[in-house]
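Me: Please take a close look at the ligand site in this model. What surrounds the ligand, and what does the pocket look like?

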Amino acid sequence: MDAADRLIVALDFPTAHEALQLVERLNGQVRWVKVGLELYLAEGRSIVDRLVARGLHVFLDLKLHDIPNTVAAAVRVAGASGAELLTVHASGGPAMLLAAVDAAPASLRLLAVTVLTSMGEADLQTVGVRSSAEEQVGRLAALAAESNVRGLVCSPAELTSVRSTVGEDFWLVTPGIRSAGSPIDDQRRTATAYDAIRRGANMLVAGRPITRANDPAAAADQVLRQIDSALQH
Ligand code: C5P
């Protein structure tokens, strides 16, 4: 895997037009893109088809969480769309995770979401979770691994502890990537691409630092260089 296999650009746009325009501006620099709820709900399956038709690998970030039968059916449809990564909430429990894994074709890797990074400890208490956020992340990461999910999304701050819970062939996909000195937007815990890869992230998700840059291709190139230099060490 080289640097371009490890960077996912989050296409957080409300329309296919804007998402595809950004893809054009990236000038072939990027191999992976992420489609989240906003773009998916606006455009449906056709946006995945159009991105796949442009030769891109698609991460569908739909964070599925429902009864096992419903999640399994959704996973089957997502797999048929050509998406290669799909998120499911680990808090859906073992039966849901096992059903999702069972329904996923070999071309689709499921990624577990543990505790949303927007949830602080007080928020966890309000939904009945008495453990610390770190303990809860560890518990859900272990559950995902035991259920044969092969990756998860985690913040840069969680990389080291999560890696000690899951195996080396588990993919850790990390958002919250920012260059030193650049705006952190609404992200609370950020890291540079270099540091996140050094701490064991397999893939990075970057949105606004690339999509809102004056020159998105140059911004992507800068992140790719950092990844490359972390991989050389
Ligand atoms: O623009 P930015 O680089 O902050 O985008 C990060 C992307 O990763 C967004 O699509 C966001 O929804 C997603 N994400 C995140 N933190 C998580 C999980 C997903 O920022 N814990």
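**The ligand and its pocket**

Reply: The ligand sits in the largest pocket. The model is predicted.

Start with the pocket itself. Its volume is about 1,000 Å³. The lining of the largest pocket counts 38 residues, and Lys 34, Lys 63, Thr 117, Pro 175 and Gln 187 lie nearest the centre. Strands E2 (32–36), E3 (57–64) and E8 each give two or more residues to that lining, as do helices H2 (37–43) and H10. By class, the lining has 16 nonpolar, 12 charged and 10 polar residues.

Now move in to the ligand. Its shell holds Ala 10, Asp 12, Lys 34, Thr 117, Pro 175, Arg 178, Gln 187, Val 205, Ala 206, Gly 207, Arg 208 and Pro 209. Five of the shell residues are nonpolar, four are charged and three are polar. Strand E8 (203–206) supplies at least two residues of this shell, and so does helix H10 (208–211).

Next, the polar side chains. Lys 34 places a side-chain N or O atom 2.8 Å from an oxygen atom of the ligand. For Arg 178, a polar side-chain atom is 2.8 Å from a ligand oxygen atom. Thr 117 faces a nitrogen instead: a side-chain N or O atom of Thr 117 is 2.9 Å from a nitrogen atom of the ligand. On its own, the ligand has 470 Å² of accessible area, and the protein covers 81% of that.

Notes
Residues numbered from 1 in each chain as written. Predicted model: local features only at pLDDT ≥ 70, side-chain atom pairs only at ≥ 80, totals over all residues. Heavy atoms only, no water. Near = heavy atom within 4 Å. Polar contact = N/O pair within 3.5 Å; in protein donor to acceptor, adjacent residues only side chain to side chain. Areas by Shrake-Rupley, 256 points an atom, 1.4 Å probe, with all protein chains shown as cover. 1 Å grid on protein atoms, 1.4 Å probe; cavity = no way out; pocket = protein on both sides within 12 Å on 5 of 7 lines; lining within 4 Å. Sits in = over half its atoms within 2 Å of the grid points. Helix = DSSP H or I, 4+ residues; strand = E, 2+ residues; numbered from the N terminus. Nonpolar A, V, L, I, M, F, W, Y, C, P; charged D, E, K, R; others polar. Points joined across faces, edges and corners; volume = space filled by probe spheres on them.
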